[in-house]
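I am opening a notebook page to record what I look up in this structure, one entry at a time.

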Amino acid sequence: MSIGLLSLIILGLAIAGYVIGRRKAVAQVEGDIRKLHSLPPFYGRITALLTAVPAFFLIAAWLLAQPLFLENKALSLINPAELPAGKSAELVMADVRRVAAGLNMLEARGDDVGPLLASPTALKSALNGAGVVLETEPTPSTLAATAALRDAGATSRLAMTGAALLLALAGLAFGLSRINPEYRARNATERFAMWLLMASSLVAVLTTVGIVASLLFESIHFFRLYPASEFFFSTVWKPQFGGGSSLGILPLLWGTLYVSVIALIVAVPIGLMSAIYLAEYASRSTRAWVKPAIEILAGIPTIVYGLFALVTVGPLLRDYFASPLGLGNSSSSVMTAGLVMGIMVIPFVSSLSDDIINAVPQSLRDGSLGLGATPSETIKQVVIPAALPGIVGAVLLAASRAIGETMIVVMGAGAAAKLSLDPFEAMTTVTVKIVSQLTGDTEFASPETLVAFALGLTLFCLTLALNIVALVIVRKYREQYE
Amino acid sequence: MTARPLNPRAAIDTRASLLVQDPRTKARNATEKRFRAYGLSAIVVALLALVWLLISIFGNGLPAFKQTFITLPVTLDAALLDKGGKRDPADLAKATTVTYGKLLASSLEADVAAKGLNLGDMKPKDLTKMISEESPATLRNRVLADPSLIGTTIEVNVLASGRIDGYYKGRVTMESAALDKNTSPAQLALADQLKTAGVMKTQINPGFLTMPDASDKRPEAAGLGVAIVGSLYMMFVVLVLALPIGVATSVYLEEFAPKNKFTDLIEVNIANLAAVPSIVYGILGLSIFINFAGLPQSAPIVGGLVLTLMTLPRIIIPTRAALKAVPPSIRDAALGIGASRLQTITHHVLPLAMPGILTGTIIGLAQALGETAPLLLIGMVAFVRDFPGGPPEGLFDPASALPVQIYNWTQRGDPGFVERASGAIIVLLVFLIAMNAVAIYFRRKFERRW
């Protein structure tokens, strides 16, 4: 039974629960609802909630946990002696998974898959016809594992359907059995709803756990295959699919930092000066349209900046700066990406700085102006020093943005990992390499793919540290004047 | 006894007065003016960058909405297209696009001859290259859908090849055509004659919004259909999941949560999630949803789930602000006349906070719509020509997404795709502007101050 149909049935049971629960409550007091503790709909609601919610939680949990159990079962069936040279059991499992998916596809089309499982050759050609390309013919133990995986999958699906329906019915019966005029249905509904609200707030925690777990788990996997000291201290990045790669993060980090520094050199003066002008000089009406206009820059998707770098800024820099000055002839360069990223980051600097400058107490300005300082002297010697911690926080937040940015560097910075000082040369960044190592068909057992997780972990830690420092600084600063 | 001057220079300049400034005051005032000019020029630079960006995108992209078409009378010869003569669909399907391509070319040749146009140094068979490789397939589908057309002469409106189209958009010139093996100056000269004869026209191309992607050599036929459907599916998933979970989380944190370590943990989490680079969400999607839970690659459901997790903090933060803005007196009044806490919230607080919640949700959705990097990692870059099925099964079919389609087109060789990518960005920006306009409208219309 498909999950959609199962959900519909459970929803139907819940609606039935609502109607029956409500009727039962009313019937017990012979229509005199004043004798009920709660209004009749509450009796219906609590019954419906008890029917549907546990069943849906069961389905979700089952679907998440199912692959773990199934794979272990299939993995145990693979005969280690039959493994082709250089292939781990996990690589074979990837094949098993693909064959099983292909067979399911064939079955969905109405083909008979029984005879295919008996003959590896026929299976291979049938799967090729269905768009699942296998390198070699599956070995008998792979086939056995595939069959086991499929059997277990079907059994598990059936068991899940049964369990979910049973749980829904049990919830319904339990809900109905509790109904009597003294039952505090309103309080029970409230408590139930409260637990639901709390569960949804856990999604945020689970997301973080998911991010950290997936990054850590695969990174540990990577560091088992590739020495960590090489990864962190080698200056050569040369992945070779087929083994013998050098995967040093230093050239990537260098590219990332170089691009980010150029971006900040562009964004900080422009953003800061705009913020100062808007906060201290601009009239109310100018501010009302200039501020949103600058913030549009933050609302534009990064792919748009990427295309802008690729099509407009890159060729422009190459034709008017790099080539005439003999600095290189690549249209993707650190300068291109840095410049465009700088434009993107301007509003992050300006908006936050603007807020922070506005939070400096007016009395400080009045004092300075009263002593005869000009407005610019007041800004430079009183307002900015007072706002400095907050501005540093804003710049750090902008830096974390720049370091984590992907599309602009993918399209503007190039793909060659280099340790060079020339800003007109193409270099690459951590994010670019995460994209290039993980797109396309990849096997999750080679260090060339797994390195992306280690890169992701580095990136995550870097931006997290910057964000935390920035937030602490900004918060401290805010408290100072509140 | 004279007072010692504070400033030695002021003493030297005896002309200083209220009306005449001394040099030091002048210098200070000049610094003031300069400083102000710096600020103003920073704003001007930022705004100019915005204008430059928009001009560059619109300049490159607007031509994508127009396309060069060739209008031809084509006689659908039954002897060629239906060898069995029984109009049997299986028989009709045997006539391949190659046959239809030859048919189109000979029709164009006949038309050129009838109009008495000068072929130049071209052989008649070179005419095939002036018609898009996609056109025979379009014609074939039309005939297969309506076999009664066979044997009649119909007027067809076919796409001209990418190079001819590029000639009218300024991408291809006579000089570049001479070096290009896909076209020739003679073709372009003939195209000019066809244009004067009214056979060839550059007109609005609705196919750009409705057709699926096309292969590497056919930029003229590439459209955004699948990408728009895929993006809509993903936005649907995000809306259905992120709005209820986001509102529930905000209600819990604002109205119910006790102040303890656990609540603090959730708050810190949400603040940090908002700042995690989007590519990290892509890694999460790849390892949890695809590798662990076994969902299919390139499917809108996976994209929607990843974007949901990304959008959640962006919905929670404005929703909490909206809930905070509802005055406590409203809660007190509802509780005072006997409503429960949940009733207070669902009957009074949420409806009053709704405009703020909706504004935040729409802006969060708009950001999710433009997000590219996480989608690259979950396989949305795949070349997809088939429209996904209707929901809910269609959510599991492979599809593309607007921003990923743009990225995809920028990676292709033919220069015609740059125009397509810029055109697609205009479509994306139109969606974003529309969404933000709705958000601003909500805010203006329902905003309430207590």
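**Entry 1: domains.** I began with the domain assignment of chain B, which gives domain 1 (20-61), domain 2 (64-205) and domain 3 (225-446). The model I am reading is a predicted one, and I keep that in mind for every entry below. Taking C-alpha centres, I found that domain 1 of chain B and domain 2 of chain B lie 55 Å apart. For chain A the assignment gives domain 1 (3-79 + 139-208), written in two pieces, and domain 2 (246-481). The centres of these two domains of chain A, again over C-alpha atoms, are separated by 48 Å.

**Entry 2: the overall form of chain B.** I counted 19 helices and three strands in chain B. Along the principal axes, its C-alpha atoms fill a box of roughly 115 × 80 × 40 Å. I then looked up the radius of gyration, which is 32 Å for chain B, whereas a compact globule of 450 residues would have one near 22 Å. Buried residues make up 43% of the 450 residues in this chain. Of the contacts in chain B between residues at least 6 apart in sequence, 76% join residues at least 24 apart.

**Entry 3: where the chains meet.** How many residues of chain B are in contact with chain A? I noted 70 residues of chain B, in contact with 68 residues of chain A. Helix H2 (residues 23-61) of chain B gives the largest share of chain B's side, with 20 residues. Sorted by class, that side has 49 nonpolar, 17 polar and four charged residues.

**Entry 4: nonpolar cores.** The largest nonpolar core has 186 residues, and those with the most contacts inside it are Val340(A), Val349(A) and Ala398(A). Its largest share, 18 residues, comes from helix H9 (residues 250-281) of chain A. Apart from this core I found another, of 32 residues, which includes Leu127(B), Ile131(B), Ala160(B) and Ala214(B). I then followed Val349(A) and, leaving aside neighbours within four places in sequence, listed its contacts as Ala267(A), Val268(A), Gly271(A), Leu272(A), Ala394(A), Val395(A) and Ala398(A). As background, I wrote down that nonpolar side chains tend to be buried together in soluble globular proteins.

**Entry 5: helix H1 of chain A and what follows.** At 1.5 Å a residue, the 26 residues of H1(A) should span 38 Å, and I found its end C-alpha atoms 37 Å apart, which agrees. The buried residues of H1(A) are Ile10(A), Ala14(A), Gly17(A), Tyr18(A), Gly21(A), Arg22(A) and Ala25(A). After H1(A) comes Glu30(A), with a positive phi near 55°. Its place is in the loop between helix H1 (3-28) and helix H2 (40-77) of chain A. I marked the phi value because most residues other than glycine have a negative one. Is Glu30(A) buried or exposed? Glu30(A) has 8 other C-beta atoms within 10 Å, and therefore counts as exposed, the cut-off being 12 or fewer.

**Entry 6: a loop glycine in chain B.** My last stop was Gly413(B), in the loop between helix H18 (402-410) and helix H19 (416-446) of chain B. From Gly413(B) to Leu48(B) I noted 365 residues in sequence and 31 Å in space, C-alpha to C-alpha.

Notes. Residues are numbered from 1 along each chain as its sequence is written. Chains are lettered from A and ligands numbered from 1 in the order in which they are written. Two residues are in contact if their C-beta atoms, placed from the backbone, lie within 7 Å. Helices (H or I, at least four residues) and strands (E, at least two) are DSSP runs, numbered from the N terminus. Ala, Val, Leu, Ile, Met, Phe, Trp, Tyr, Cys and Pro count as nonpolar, Asp, Glu, Lys and Arg as charged, and the others, Gly among them, as polar. A nonpolar core is a set of buried Ala, Val, Leu, Ile, Met, Phe, Trp, Tyr and Cys residues joined through C-beta atoms within 7 Å. A residue is buried if 20 or more other C-beta atoms lie within 10 Å of its own, exposed if 12 or fewer, and partly exposed in between; C-beta atoms are placed from the backbone. Domain bounds come from an automatic or database domain assignment. The radius of gyration is taken over C-alpha atoms; the globule rule is 2.2 Å times the number of residues to the power 0.38. The expected span of a helix is 1.5 Å times one less than its number of residues.
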